[in-house]
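Subject: Handover of the two-chain model

Dear colleague,

I am passing the structure below to you, and my notes on it follow directly after. Please read them with the coordinates open.

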Amino acid sequence: MSSVTELRPRTPAETRLLQLAEAQGENENVRRPAIEALRREGLPTRRVEAWHYTDLRQLMGKRLGEESAIEALRESGETVLEPFLHGSSIVDLGTSEGSHLPKGVSVAKSDERSDWKVTPNRLDRSIDTIRALNSAFGANSSAITVEAGAAPDHAIELRPGVGLSGHAHTRVSLGAKAKATFVERLDGNAQGAPSTGVTELHLGEGSEVLWIVDQEKGLDAVHLGQLHVRLEADSLFRLFVLNAGGGLVRYEVHTDVVGEGADIQMRGVNLIRDGQHIDVTTTLNHTVPNTTATETFRNVVTGGHGVFQGIIKVARGAQKTDAKLACNSLLLSDEGDFSAKPELEIFADDVVCGHGATAGEIDADHLFYLMSRGIPADKARALLIKAFVTEVVEELEDEALQYVLEARIDDWLSANG
Amino acid sequence: MPAVQETIDSVAKIDVDQYKYGFETLIEMDVAPKGLNEDIIKLISTKKNEPEWMLDWRLKAFERWKTMESPDWARLDYPPIDFQDIHYYAAPKSMSGPASLDEVDPEILRTYEKLGIPLKEQEILAGVRKPDEPSEFDDDSGTPPAGQDGRPRVAVDAVFDSVSVATTFKKELQKAGVIFMPISEAIREHPELIQKYLGSVVPVSDNYFATMNSAVFTDGSFVYVPKGVRCPMELSTYFRINERNTGQFERTLIIADEGAYVSYLEGCTAPQRDENQLHAAVVELVALEGAEIKYSTVQNWYPGDKDGKGGIYNFVTKRGDCRGDNSRISWTQVETGSAITWKYPSCILRGDNSRGEFYSIAVSNGRQQIDSGTKMIHLGKNTSSRIISKGISAGQSNNTYRGLVSSHRKATNTRNFTQCDSLLIGEECGAHTVPYIESKNATAQFEHEATTSKISEDQLFYCMQRGIPEEEAVALIVNGFVKDVIQQLPMEFAVEAQKLIGISLEGSVG
């Protein structure tokens, strides 16, 4: 396979991406090997299993083929953003600077990437394209630490830099029994700027994290993100992903459960309209006994392309793993499509693992029920769509957060539903 | 939940070292030289007395194959196959082509008897004739007696290495207008049907192994059921690999014309040997308007020994085309053999209201590797499909379900229900599920489930409400369900399938 990719000619998009990466100028020791890897391998096509439903080479070509997009990228300026959650501390990942950081939380520049090597993709043997791109552009790397036992009372919002510095690499570590909420803010009028983000999140023993991804980029934006999570014993990782924007977006979450008693709760809502390509790819990797995980994604598709790939891996000896995964899609128009690939890879015989995937339109019976009670068709429809997605929001059991998320979902539904 | 003892015992009974069909028939064979090249293809074509167009077809496929690469996406681990180290043609010397049953070498007849397929006594098996009555084959001209107690009779095409050695009940089938004969014979006798349908479901260039098969296929069965005819008996083919260092490359083509019905079954075994042998088959089914085809397989190729030595590499392309409206194709498979299984019996649901079904029980033991599943491609309106897959892995085996369900943008009101459950026995095996679900139409309803508990919640509640304890209720429902799959199999294969009936899927994981 690799011999084929080496031989094929570079697409205009690939050439431009490389030119852009070359133009960066800083951190040569990190960027050089990554640029070389990309030069050699090119962008993945659908022949690469991990990118089966997101043909990056073709999709990037559509969005990066124009010279103007590159110019826009250079010019894209800063935008003023209100914090996602009231009272949050803001960390600028472009500069590794934080404002009003709570007690026990610190942010510093990091030289984490200095020993960068080409790493294989988590899903197959091809190279990890997102990590390579992130390093090829990488200007800055931040380290965020939450001390053992610290439990800040407000959220920490992470904002990538803008334009060419919109390629954050972040390492977040929580000490034992620490508790924190993070908001990864992927927002603003990026205007065709490709951005990437790679976060390594480490949960110490008994620690708890609620990680919220708010992706509401412009419809011409390209974002490729990765979140790697390592869970020590008795830690709890909760994730909520909201995709309500972006032109070409892939968000990967890869979890490694290395301590017994750890629990993962992943939830997400993907709202997809025409012109978008939204891909969520996840791994639950259980390597020790007695761990649990639940994962639910709800997708509303009025157009465009939606993709969900999720794998549950249970290693040999990881007995008593209890992991469940569900991906439900509501397809509201023939203009859109949704592809799902929920996988199981199980090497232990005393486990309970399952996945379910559904795709379909609004249940005609439900609609009839509401209409027979005097609710007009369009309102009944809206009600059912809302119920379908907010079900997973309610599972967060945090009223303030629910309020914010539901408001954003409502905005989207009233504009696109 | 770990597997229950009963299940463990049942699986142990069909473990690799219990393989009973591993004997070898010592018989003089006519074997082509090793290697895959144009000369060998020409030789096969000459041996089969084929017309010019067939040879051209084969050679074109070979040209194409030379440009292709072996697929590597399946979860299978095996050393590269040396295609030049295989005999592509091997036939018993006593016969160069299909003959009447009386001419068949008694040694071969004995082989089939030992395999439980006594060709001469077949009517007894079907309850048609008492042992002391004269056989139909002793006087092939008379009308055979009708089946007693409505039990089905089975016509068998027996394929021994590269040739079909016998086809039974041919005359009676002819009366009904049904054509059932070795494909090599059909190429000569019904060229119009072959030219129209061969390669129309699995194109020559479909995939690496199918393309190779197109170049070198030696025999297999051909079935044509004319308009409105319900085939009067079950049809079946029994494949036997016997010769050392050969591969078996069979090709089966079944056509059910408008409103026709046919049920077809196949069985496969091979001798116990230390070397790996290749089996690369292509099966094409065509169902025209209102037709129905039921295709069942009990695959029991030699699986290799406990240490993974020997065994058949089974790379098979099976595909059905519901070409006409209201047509129906159903695949049922019980997979217990082969060192490697690479097999995805699929349905292309082209006609409106057509229906595809896939029922599978795959049991892997020792060091067997199974990567099997199905594709349901919904192209027509109101098409529906159902996938039920049960995988059981034991020993150091790996068992993967891989499946695709897709709906075309214009295919409205399509339905799919998929359930695949796996069960692991022991700590050294693996079970994997890789479904691909692609929905392009808003009215498509696709459901994929991989847990037993979830599907049976209502049934469970029903049972428990009537006083049955939960565990018993689960066993009842699951056993009842496995039986459903087994019952899709025709009677003749029930013996082998019976071994699996006892297997409860209690404790299965997704």
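Two residues are taken to be in contact if their C-beta atoms, placed from the backbone, lie within 7 Å. On that basis, and leaving aside neighbours within four places in sequence, Gly104(A) is in contact with Val146(A), Glu147(A), Ala150(A) and Pro152(A).

Before going further, please note that this is a predicted model, in which local features need pLDDT of at least 70, side-chain atom pairs count only at pLDDT 80 or more, and totals for chains, interfaces and linings use all residues. Residues are numbered from 1 along each chain as its sequence is written, while chains are lettered from A and ligands numbered from 1 in the order in which they are written.

To stay with Gly104(A) for a moment, this residue is found in the loop between strand S2 (97-99) and strand S3 (105-109) of chain A, where helices (H or I, at least four residues) and strands (E, at least two) are DSSP runs numbered from the N terminus. Gly104(A) is partly exposed, because 16 other C-beta atoms lie within 10 Å; the term sits between buried (20 or more other C-beta atoms within 10 Å of the residue's own) and exposed (12 or fewer), with C-beta atoms placed from the backbone. The C-alpha atoms of Gly104(A) and Phe338(A), which are 234 residues apart along the chain, are separated by 43 Å.

Domains of chain A

The domain assignment divides chain A into domain 1 (2-361) and domain 2 (363-417), with bounds that come from an automatic or database domain assignment. Between them, 14 residues of domain 1 are in contact with 15 residues of domain 2. On the domain 1 side, strand S11 (236-243), strand S13 (263-272) and strand S15 (292-301) of chain A each supply at least two residues. By class, that side of domain 1 has 9 nonpolar, 2 polar and 3 charged residues, where Ala, Val, Leu, Ile, Met, Phe, Trp, Tyr, Cys and Pro count as nonpolar, Asp, Glu, Lys and Arg as charged, and the others, Gly among them, as polar.

Contact between the chains

The contact takes 32 residues from chain A and 33 residues from chain B. Strand S17 (322-331), strand S18 (337-346) and strand S19 (352-360) of chain A each supply at least two residues of the side that touches chain B, and the largest share of that side, 10 residues, comes from S18(A). The residues of this side of chain A divide into 14 nonpolar, 8 polar and 10 charged. S18(A) is also joined by 6 bridges to strand S22 (residues 430-439) of chain B, the two running antiparallel; strands are said to pair if DSSP finds at least two bridges between them. Within this pairing, Glu345(A) stands opposite His432(B).

Core and buried elements

The largest nonpolar core has 230 residues, of which Phe182(A), Val223(B), Ala256(B) and Val262(B) touch the most other members; such a core is a set of buried Ala, Val, Leu, Ile, Met, Phe, Trp, Tyr and Cys residues joined through C-beta atoms within 7 Å. Its largest share, 8 residues, comes from strand S10 (residues 276-287) of chain B, and the core draws at least three residues from each of domain 1 and domain 2 of chain A.

In chain B, which has 13 helices and 23 strands, 55% of the 510 residues count as buried. Helix H9 (residues 208-216) of chain B is largely enclosed by the rest of the structure, because 8 of its 9 residues are buried. What covers those buried residues includes helix H2 (38-47), helix H3 (52-66), strand S8 (251-256), S10 and strand S12 (311-322) of chain B.

Strand S13 (residues 328-335) of chain B is mostly covered, with 8 of its 8 residues buried. S13(B) is joined in parallel by 8 bridges to strand S11 (residues 292-299) of chain B, with Val298(B) opposite Val334(B), and 8 bridges join S13(B), again in parallel, to strand S16 (residues 355-364) of chain B, where the bridge partner of Gln333(B) is Ser360(B).

With best regards
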